[in-house]
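Try each task before you read its solution.

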Amino acid sequence: MMDWKALGEETIDLLRRYLMVDTTNPPGNETAGARFLAGVLEADGIASEAAESAPGRGNLVARLRGDGSLPGIVLHHHIDVVYADRRYWTVDPFGGVIQDGYLYGRGALDMKSTGILQLAAVLALTRARVPLKRDLIFLATADEEAGSRFGAQWVADERREWIAGAEYSLSELGFIATRPGTTAPLGTIVISEKTGLPLRLTARSAPGHGSMPWPDTAPHRLIRALGRLLAADRPPRILPETQEYFARLASVLPGDQGKGLDSLERSLQDPAFRARFFGSPHHAAMVRTTFAVTMLKGSEKRNVIPPEAVAEIDCRMLAGEGPEEIKDWVRRAVADDQVEVEITSPPKQPNLSPPDTELYKHLADALRGRAPGVVVVPEILVGFTDNWVFRNCGLHGYGFGPFVLDEVEIRRIHGNDERLSLENIVAGARAYTEMLLAVAGA
């Protein structure tokens, strides 16, 4: 028997205290978060192991043993959070403030809340002495917000035994979205994500005095090259999973708002539909490899024309596309042999987990229990999560969260006044625990 009311209240308290641990990355300071989690686990007699990948970059694992009849499940979250500019928050982002039925704090959605739901479920199952057929591996890692080098990737390289015997990993960013006017909420389970291909464009020319510019200075070359790149029309690609997402989205949109979404390849041939579809940055990113100019560097002084000008490009690849092909396409789009195009770090190939596994079916059932009538759909995330690392380790990785969120709340991820309703925390703790009972209980 589970005391759901007590578990919900405890989960609120745990998340509040966890949000008060500042693990902004950089620098991370995830060791402080790992110590907090270890203390909670120890109080219930659950052994954990922590290790630093670098000073202050803590990672932690704890394992509830099953009977070994089925492979284990990694319950993963990242400890680090992104920067919060206190000038633009109405509350202290690390104050654990509860106000008007919401708990505020950096990490309330991304993704300390998911970690605390996992922790609450582990505590509840331990206290109830539930026999398990699968190991449940509670894993908290550093550095997801800056590339995972000191977190999930370090675990894969240096502590692979932490996830030994697992078949699945559960991490972040699936949720139930509610939108005004829709006929039903849309519940997403993340099965893949686009992966980053960091590109650098470097234009070179002679240096000179800023008072006497000429057309082909390095900055001028770079600006024109970037203009050609951004104007280039890279053809969209509709992956089967993406088509399924849009077909199910169409089923909940009112009137004719979903018209054409059930057959994107054909619909995108129509100029009017194409303009509407690509008017949404999110929709556009789901069907294209994208290029975002994020960093520019030229001279160190206003009146000096530099010999080099550099642009850093945040490129996100679709599954099925290759780094070298993308690099060659960019070179052709730039159309200037004085502008070098290079890949600045080893590329990550996109990977994907199937939406027909036993765990996926239980996740879908959990979303239906959380929001009756919800339409559940697999999603290829336009961002990036640590599940990419776990899939490369041979696991099926899914992003799952039993939170019901509207568009305003979703936009607070990485934004100001990030928050989660107390109702979501309480109901989420029960939903996560019941899901694990269904998939791992003996």
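**Exercise 1: a histidine and its partners**

His78 is found in strand E3 (residues 72–78); strands (E, at least two residues) and helices (H or I, at least four) are DSSP runs, numbered from the N terminus. This is a predicted model, in which local features need pLDDT of at least 70 and side-chain atom pairs count only at pLDDT 80 or more, while totals for chains, interfaces and linings use all residues. Residues are numbered from 1 along each chain as its sequence is written, and side-chain values use heavy atoms, with hydrogens and water left out.

Task: Is His78 buried or exposed, and which side chains does His78 join through polar contacts?

Solution: 
- Step 1. His78 counts as buried because its relative accessibility is 0%; buried means under 20% relative accessible area, exposed over 50%, and partly exposed in between (1.4 Å probe, protein chains only).
- Step 2. The side chain of His78 makes a polar contact of 3.2 Å with that of Asp110, and one of 3.2 Å with that of Glu144. A polar contact is a pair of N or O atoms within 3.5 Å; within protein, one must be able to donate a hydrogen and the other to accept it, and residues adjacent in sequence count only if both atoms are side-chain atoms.
- Step 3. Now widen the view to contacts (heavy atoms within 4.5 Å). Beyond its neighbours within four places in sequence, His78 touches residues including Glu172 and Asp386.

**Exercise 2: a threonine in a loop**

Task: Where does Thr385 lie, and which side chain does the side chain of Thr385 meet in a polar contact?

Solution: 
- Step 1. Look in the loop between strand E16 (375–381) and helix H12 (387–392), where Thr385 lies.
- Step 2. Thr385 counts as buried because its relative accessibility is 1%.
- Step 3. Leaving out residues up to four places away in sequence, the contacts of Thr385 are Glu144, Glu172, Leu173 and Glu193.
- Step 4. With Glu193, the side chains form a polar contact of 2.7 Å.
- Step 5. For a distance check, the C-alpha atoms of Thr385 and Gly397 are 9.9 Å apart, with the two residues twelve places apart along the chain.

**Exercise 3: residues around a leucine**

Task: Which residues is Leu136 in contact with, leaving aside its neighbours within four places in sequence?

Solution: 
- Step 1. Find Ala62, Arg63 and Leu64, which are among the contacts of Leu136.
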